[in-house]
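Student: Can we go through this one term by term? I'd like to see each label set against its cut-off.

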Amino acid sequence: SLLAILNDVLDFSKIEAGQLNLEEVDFDLRAELDRAIGLQSEAARKKRLELVLDIDCNTPTRVCGDPVRLRQIILNLLGNAIKFTALGEVVLHVSPTFSNSGTATRLRFEVRDTGIGIPAEVHKNLFQRFVQADASTTRQFGGTGLGLAICRRLVELMHGEIGIESTP
């Protein structure tokens with residue numbers, strides 16, 4: 001736990017200092033997503049949750065980008081979904097988005113779960129550093145409040161967008 005917190009702080013510090021460089025390499029998207037699912041499968045199994053990887057058939061197999069940072073984002077989002085889901089499933093859905101000309105331009109990653117949900121008043125601040133949906137001193141779930149802020153910054157560095165749709 002301490003190592004994870006330290007890594008989050010170091011990553012956030014690098015991002016804030018402008019010292020985090022993203023790779024631009026070709027990689028097998030399916031293999032990276034399988035790794036992420038594999039790394040989270042034990043946590044899901046312990047909670048008796050179904051963990052599903054759903055890749056749209058139009059999604060390219062080879063993509064160019066930073067596989068390590070993509071996996072970091074996916075692991076963080078899946079980890080949060082598993083942490084806040086007591087019953088049911090967590091699904092990672094990946095699909096391409098298309099331009100007006102019909103060309104695939106980006107990938108959309110969605111993490112859906114049957115968890116407790118997040119109140120609307122928390123949505124606007126959720127991706128800020130040190131923000132947690134439940135900030136009470138008696139909160140049930142741990143964390144530093146840095147994970148989603150790191151995800152937001154990494155997604156921005158990749159010229160993407162991150163958001164939330166959730167209800168309690």
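Tutor: Helices (H or I, at least four residues) and strands (E, at least two) are DSSP runs, numbered from the N terminus. In helix 2, the buried residues are Leu29, Glu32, Leu33, Ala36, Ile37, Gln40 and Ala44. Keep in mind that this is a predicted model, where local features need pLDDT of at least 70, side-chain atom pairs count only at pLDDT 80 or more, and totals for chains, interfaces and linings use all residues. Residues are numbered from 1 along each chain as its sequence is written, and side-chain values use heavy atoms, leaving out hydrogens and water.

Student: What makes the pair of Thr59 and Val94 a polar contact?

Tutor: A polar contact is a pair of N or O atoms within 3.5 Å; within protein, one must be able to donate a hydrogen and the other to accept it, and residues adjacent in sequence count only if both atoms are side-chain atoms. Here a polar side-chain atom of Thr59 lies 3.4 Å from the backbone oxygen of Val94. At the start of helix 2, a side-chain oxygen of Asp28 comes within 3.0 Å of the backbone nitrogen of Arg30.

Student: What is the kink in helix 2, and where is it centred?

Tutor: The bend at a residue is the angle between axes fitted to the seven residues ending there and the seven starting there. In helix 2 the kink is about 40°, centred on Gln40.

Student: What makes a set of residues a nonpolar core?

Tutor: The members are buried Ala, Val, Leu, Ile, Met, Phe, Trp, Tyr and Cys residues joined through side-chain atoms within 4.5 Å. The largest one here has 17 residues, and Leu29, Leu51, Ile74, Leu78, Val90 and Leu92 have the most contacts inside it. Helix 2 (29–46), helix 3 (67–83) and strand 4 (89–98) each give it two or more residues.

Definitions and conventions:
Buried means under 20% relative accessible area, exposed over 50%, partly exposed in between (1.4 Å probe, protein chains only).
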